[in-house]
Amino acid sequence: MEHHETHETRETDETHEKKFFFRVFRANVSWLSWLAVAAAALSVAVLSQAPPLPNVLLITIDTVRADRIGAYGYAKAATPVMDRLAREGVRFADATTQAPLTGPAHAALLTGLYPARLGVRDNATTPVPDSATTAAELFKARGYRTGGFVGAFILTAPYGFAQGFDTFDADFPGFSDGIKLQVQRRGDAVVDAAVKWLEAGSTQPFFGWVHLYDAHAPYDAPAPFAARFKSSPYDGEVAFIDACIGRLVAALEQSGRLDRTLIAVVADHGESLGEHGEAEHGMFLYESVLHIPWIMRLPGRARAGTIVSGQVRTIDVLPTLAAIAGLPMPRVDGESVAGLIEGKTRRDAPASFAETYYPKWHYGWSELKSVRDDRWKFIDAPKQELYDLRADPAERRNMAADRSTLAAGMGGELGKIDAGFGAAASTEAPKPDADTLARLRSLGYVGMTASSTAGRRGPDPKDMIASAETFRIGISRAMDALANDRPATAIEQLKRLLAIDERSYEVHLFLGDAYTATRQFDNALAEYAAARLMNPRSAAPLLSSARAYLAQGDTARALQQAELAAGIEPGSGDIGIVRGQIHERAGRTAEAIADYSAAVRANGSDPQARARLASLAMRTRQFDIARLQFETLLRMGYRPSRMHFGLAQIAEASGDPQRAILEYREAIRLEPSFADAKTALTRLGG
Ligand SMILES: [Zn+2]
């Protein structure tokens, strides 16, 4: 009996290996015959009863695990809207993503191409290239009205995600004195903008993309979800997202367009929630992050209740939407799975490749790559892994040694896919500027170490994850302490991290900032020098040194450091601001105005540069320059009472007391305790 079972397993295994090699061959063939495949997809009769050119609404839900949604069997879920969409539509039970990071995964979702082929292998660095045809471009070319609404800066225009959208809405709040970083917004704000756009609709068909970022850490859903999910805050975020999707569905329902719309809800990646030692995502390629929900409600409720069990991929999403809408697709890595919805079966699912360069580029450890089919997953790591996903969905038993032939075969296939990505697939760490780094850090993406392991593989992330988590939590605590004026606590915390990894660029940089905050400038400068040694390509340590010298009143040394920083990042707005401060301090007003103006040109959405320019222009009575900045900042929502006060002062100085009175009144209305404005108003007799 035992012997018989073993024999059977072996046979299955061999068959499986044969199937695998067959698939490698087939992948090449289907690539060449793509046009034929596309033509076949167009004839798919999924929508035979629906009118031509249905509306398409793609909702991407960031960081949502499939197994936390009711339709996927989670008993504690509060996801009635997604459950309804699955009931009235199609649910893909085994959908898998190409990358555990927002930028690369969305690049795949919106182009049908592997992220590596686009060169998009990390967040907020290399943009989706103009040469790629995005979903919005595809639909726009067929006369669709297109609108994109995103919840995180990682998916904005500088990173190529606005391509093809008539309307692209990425209006992040967060202007206050301390908060300069505009990085994300809540789902209700995203949906407000999207609903407004939907309601302004014409008879033209639309393609809408709505991105909901809320399930990303920290898990702090708004009321009433926070209270309802006190013991499982992540579920609270998923429930909140579901409610946001509900508002979009309701908007379509109320305008009678629900049954003329194809709604697709798909996650970019999941969240580890402690599995395999990882709290969030990015470091590993386990199912906790690769297995994603993908639910579609087809026009006219076609194929309601269908569950597709075969493996489908994020690169298949766009070809599938295009096929159902009846649009021709350029050739891409993914393929339409509309046939599976109709009940057609495939001999075997095409392999799904996934990768993460996050451990390499942020920690100097090895990158990971994986290839997956309906049953097996192979992970190419310094210590290779092979999992039988059917028998071991939690990926606890590494079969790489027991099934070495299968592991080698899958490794070979992985190598073939990986070798075919072309010139864009650079393995050089991209070099985000200081401002982008700060934004990424504020979302919890820390790291960015020296590229000391370039060309080498570096340690296996699974051997390093425990220290990585300690490191990440430590950094975030230190950042909290710094932001809340507790620099001594930050110093203590950061020194502890240095004991774990004294080569961390980031720890040295933050420790420098903490010393600067306590005015221990010599210590600060030493830490910045250490950070520079760890990462000579970064301008941030030089810029911080410039700030430290400036704080001591040494404008000559400060300027020297700022010029060195400018040599690394010539177009940086932050460097422009610091140079302007140095010149201002040294009494060189014209130079300071020029530097602040350059900073405004470099990053028009940064209120700091505009506020400094306006303030210096006021002091030097250059009212035209100041007025333009006050008006722009007012439109940006930056400290409105203070902007009205500035406009009032300009009006008063230009001999227009009536206008000044109106502006002072507005300032006081917005900030009733604004003493200077009250004094001025009294002076004018208003
Ligand atoms: Zn994401």
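A residue is taken as buried if 20 or more other C-beta atoms lie within 10 Å of its own. In the predicted model considered here, 9 of the 9 residues of helix α11, which spans residues 317-325, are buried, so this helix is largely enclosed by the rest of the structure. The buried residues of α11 are Val317, Leu318, Pro319, Thr320, Leu321, Ala322, Ala323, Ile324 and Ala325, and just after the helix glycine 326 takes a positive phi of about 80 degrees.

When neighbours within four places in sequence are left aside, alanine 264 is in contact with Leu58, Ile59, Met296, Val317 and Leu321. In soluble globular proteins, nonpolar side chains tend to be buried together.

Helix α16 (residues 461-483) and helix α18 (residues 505-517) pack at an angle of about 20 degrees, with their axes 11 Å apart; because angles under 35 degrees count as roughly parallel, α16 and α18 are described as roughly parallel to each other. Their crossing is left-handed, and in the contact Ile475, Ala478 and Leu482 of α16 meet Glu506, Phe510, Asp513, Ala514 and Ala517 of α18. By class, this contact of α16 with α18 has 6 nonpolar, no polar and 2 charged residues.

For the second pair, helix α22 (residues 573-585) and helix α24 (residues 607-619), the packing angle is about 25 degrees and the axes are 10 Å apart, and α22 and α24 are therefore roughly parallel to each other. Helix α22 passes α24 in a left-handed crossing. Gly573, Gly576, Ile577, Gly580 and Glu584 in α22 meet Gln608, Ala609, Arg612 and Leu616 in α24, and by class the contact of α22 with α24 has 3 nonpolar, 4 polar and 2 charged residues.

A charged residue, arginine 547, is placed in helix α20 (residues 540-551). Arginine 547 has 22 other C-beta atoms within 10 Å and is therefore buried. Apart from neighbours within four places in sequence, arginine 547 is in contact with Thr516 and Val578. Arginine 547 and leucine 559, which are 12 residues apart in sequence, are 9.4 Å apart in space from C-alpha to C-alpha.

Technical notes:
Residues numbered from 1 in each chain as written. Predicted model: local features only at pLDDT ≥ 70, side-chain atom pairs only at ≥ 80, totals over all residues. Contact = placed C-beta atoms within 7 Å. Helix = DSSP H or I, 4+ residues; strand = E, 2+ residues; numbered from the N terminus. Buried ≥ 20, exposed ≤ 12 C-beta atoms within 10 Å, placed from the backbone. Axes fitted to C-alpha atoms, helices over the stretch in contact; angles between N-to-C directions. Parallel < 35°, antiparallel > 145°, perpendicular 65-115°, else oblique. Left-handed = near helix turned anticlockwise from the far one by under 90°.
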